[in-house]
Amino acid sequence: MFDMHVPWWELLARAALIYLALFLMVRLSGKRTVGQFTPFDLLVVMLLSEAVSNGLSGGDDSVAGAWILAAALIVMNGAIGFLGSRSPRLEAWLEGSPVLIGRDGQWFEAVLRRHRLGIADVEKALREADCELADLHMGVLESDGSISILKRK
């Protein structure tokens, strides 16, 4: 149960490589993947975890190995957050930046397509903001994938 079949340093190296690879893949997949999970997005996340589990553990099923992997992933996540909070440029690269998706009662179709936002997504945001399209002053796709709506005054 506690006897590890893989050296501790190999578990740390595996955790770092897989964390960075998944981080880049998720970051490159766009804001919508991170912020607005559909049932299909959730399925992809679940399958991703299953797909990388063997590569992460290297066949080690010990409790000690699981603790090392969990700690490594949490430390790396904290380190990325810490570094991002210290460097605005790094934070912008890690988190992304808000994108204007509509203004003055009109959506920017090309921007919606580029960020893989459907009309249903932006209409939902309008309903949540209790705003008609004609009253839209500005719509923004936030860096976390949420949509902010500002009404005209």
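Trainee: Before we start, what does "partly exposed" mean here?
Mentor: Buried means under 20% relative accessible area and exposed means over 50%, so partly exposed is what lies in between. K124, at 45% relative accessibility, therefore counts as partly exposed. Please keep in mind that this is a predicted model.

Trainee: Okay, and what does the side chain of K124 meet?
Mentor: It meets the side chain of E128 in a salt bridge, with 3.8 Å from N to O. The two residues are four apart in helix 7, which means that about one helical turn separates K124 from E128.

Trainee: Is E128 buried or exposed?
Mentor: E128 is exposed, with a relative accessible area of 60%, and together with A120 and R127 it belongs to the exposed residues on the face of helix 7 turned away from the buried side.

Trainee: So which residues of helix 7 are buried?
Mentor: In helix 7, which runs over residues 119-128, the buried ones are D121, V122, A125 and L126. They sit on the same side of the helix, because they cover an arc of only 140° around its axis.

Trainee: What comes just after helix 7?
Mentor: There you find D130, which takes a positive phi of about 55°.

Trainee: How many residues does the largest nonpolar core have?
Mentor: The largest nonpolar core has 14 residues, and I101, W107, I147 and I149 are those with the most contacts inside it. Helix 7 gives the most to this core, namely three residues, while strand 1 (99-103), helix 6 (109-114), strand 3 (136-141) and strand 4 (147-151) are among the other elements that each supply at least two.

Trainee: And what is I101 in contact with?
Mentor: Leaving aside neighbours within four places in sequence, the contacts of I101 include W107, F108, V111, L112, V122 and I147. Apart from this core lies another one of 10 residues, among them V6, A15, Y19 and A72.

Trainee: Changing topic, how many salt bridges does the structure hold?
Mentor: It holds two. E10 is partly exposed at 22% relative accessible area, and R14 is partly exposed at 25%.

Trainee: Last one: which residues make the nonpolar surface patch?
Mentor: L24, L28, F82, L83, L90 and W93 make it, and the patch covers about 610 Å². Helix 1 (8-29), helix 4 (63-86) and helix 5 (88-95) are the elements giving two or more residues to it. F82 has its place in helix 4 and counts as partly exposed, at 45% relative accessibility.

Technical notes: Residues numbered from 1 in each chain as written. Predicted model: local features only at pLDDT ≥ 70, side-chain atom pairs only at ≥ 80, totals over all residues. Heavy atoms only, no water. Patch = residues over 30% accessible without salt bridge, like charges linked within 9 Å, V, L, I, M, F, W, Y side chains within 5 Å. Areas by Shrake-Rupley, 256 points an atom, 1.4 Å probe, with all protein chains shown as cover. Salt bridge = Lys/Arg side-chain N within 4 Å of Asp/Glu carboxyl O. Buried < 20%, exposed > 50% of the residue type's maximum accessible area, 1.4 Å probe, protein only. Arc of directions from axis to C-beta. Core = buried A, V, L, I, M, F, W, Y, C linked by side-chain atoms within 4.5 Å. Contact = heavy atoms within 4.5 Å.
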